[in-house]
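Here is a friendly walk through one protein model, from its overall dimensions down to a few individual side chains. Please keep the viewer open as you read.

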Amino acid sequence: SIAIFPCHRGALSDDDRRTIYQLFRRGSTVPQLCKRYGRTRSSIQRILLDTRQERIAELSLDYIYNEEFEDPSRDAEFLGSEPAPAVAPRKVRAPSGLPSYLAALYDVSLLSREQEYHLFRKMNYLKHKASKLRDSLDSVRSGKTLVMDQIEAIYEQAVKTKNKIVQCNLRLVVSIAKRHMSSTDDFFSLVSDGNMSLIRAVEKF
């Protein structure tokens with residue numbers, strides 16, 4: 001059991017700190033980590049706080065700035081649901097020969113121009129909010145955990161918004177791959193490459 005649960009008395013390595021954080025995220029309690037690593041409660045709590053802040057510092061929060069983001073009165077407008085399409089989207093039949101999981105993509109409606117604009121603006125606005133909070137972290141003396149909770153929650157919303165944009169455009173990747181595939185092409189490789197290009201494009205806008 002000593003090999004499995006080492007008792008650290010010296011300085012903890014970066015790997016130790018990351019492991020402590022991962023164990024805590026998976027359900028280990030602070031007292032359990034104190035016992036396992038031979039550390040005080042305050043020491044373990046400091047490691048958890050510092051490691052969490054390091055991870056937040058690594059979040060991808062690049063975004064396109066808009067001066068309208070500085071107007072707090074428009075928060076509800078930017079974060080609301082996308083507008084309903086002016087014309088109901090028509091049902092599109094999936095190309096023949098597709099596996100069921102790819103054919104199912106054609107059940108998801110494409111976004112209207114207004115919906116796509118709203119979602120891209122929402123994603124960028126969320127990243128703007130998270131980025132501003134992250135920039136303030138070093139100057140926060142009390143309530144740092146609450147600020148980190150807010151950053152992570154906002155970032156999660158931004159990721160969900162990005163994923164919705166991607167999901168609504170995946171069938172275009174399949175259609176383009178199907179249209180341009182030659183006899184020597186691997187269709188699934190084309191779709192995979194197209195999906196990665198789509199994700200990168202969405203993240204850049």
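This is a predicted model: local features need pLDDT of at least 70, side-chain atom pairs count only at pLDDT 80 or more; totals for chains, interfaces and linings use all residues.

## Surface and overall form

Residues are numbered from 1 along each chain as its sequence is written, and side-chain values use heavy atoms, with hydrogens and water left out.

The protein chain contains 8 helices and 0 strands, where helices (H or I, at least four residues) and strands (E, at least two) are DSSP runs numbered from the N terminus. Its radius of gyration is 23 Å, whereas a compact globule of 205 residues would have one near 17 Å; the radius is taken over C-alpha atoms, and the globule rule is 2.2 Å times the number of residues to the power 0.38. Along the principal axes, the C-alpha atoms fill a box of roughly 65 × 50 × 25 Å.

Of the 205 residues, 32% count as buried, meaning under 20% relative accessible area, with exposed over 50% and partly exposed in between (1.4 Å probe, protein chains only). Among contacts (heavy atoms within 4.5 Å) with a separation of 6 or more, 74% join residues 24 or more positions apart.

As for charge, the protein chain has 33 positive and 26 negative side chains, and the centres of the two sets lie 6 Å apart. Lys and Arg count as positive and Asp and Glu as negative, leaving out His and the chain ends; each charge is placed at NZ of Lys, CZ of Arg, CG of Asp or CD of Glu.

## The nonpolar cores

A nonpolar core is a set of buried Ala, Val, Leu, Ile, Met, Phe, Trp, Tyr and Cys residues joined through side-chain atoms within 4.5 Å. The largest one has 19 residues, and those with the most contacts inside it are Leu98, Leu102, Val174, Phe187, Leu198 and Val202. Helix 6 (113-136), helix 7 (144-180) and helix 8 (187-204) are the elements that give two or more residues to this core. Helix 7 supplies the largest share, 7 residues.

Beyond its neighbours within four places in sequence, Val202 is in contact with Phe120, Met123, Lys162, Ile165 and Val166. A second, separate core of 12 residues includes Leu49, Leu126, Ala130 and Ala158.

| Residue | Relative accessible area | Residues in contact |
|---|---|---|
| Arg121 | 13% | Phe69, Arg74, Glu77, Phe78 |
| Ile47 | 3% | Leu12, Arg17, Ile20 |
| Ile165 | 0% | Leu111, Leu119, Phe120, Val202 |

Where do these residues sit? Arg121 lies in helix 6, Ile47 in helix 3 (residues 41-57) and Ile165 in helix 7.

Two C-alpha distances link sequence and space. Ile47 and Arg18 are 29 residues apart along the chain, with their C-alpha atoms separated by 8.8 Å. Ile165 and Glu116 are 49 residues apart in sequence and 7.2 Å apart in space, C-alpha to C-alpha.
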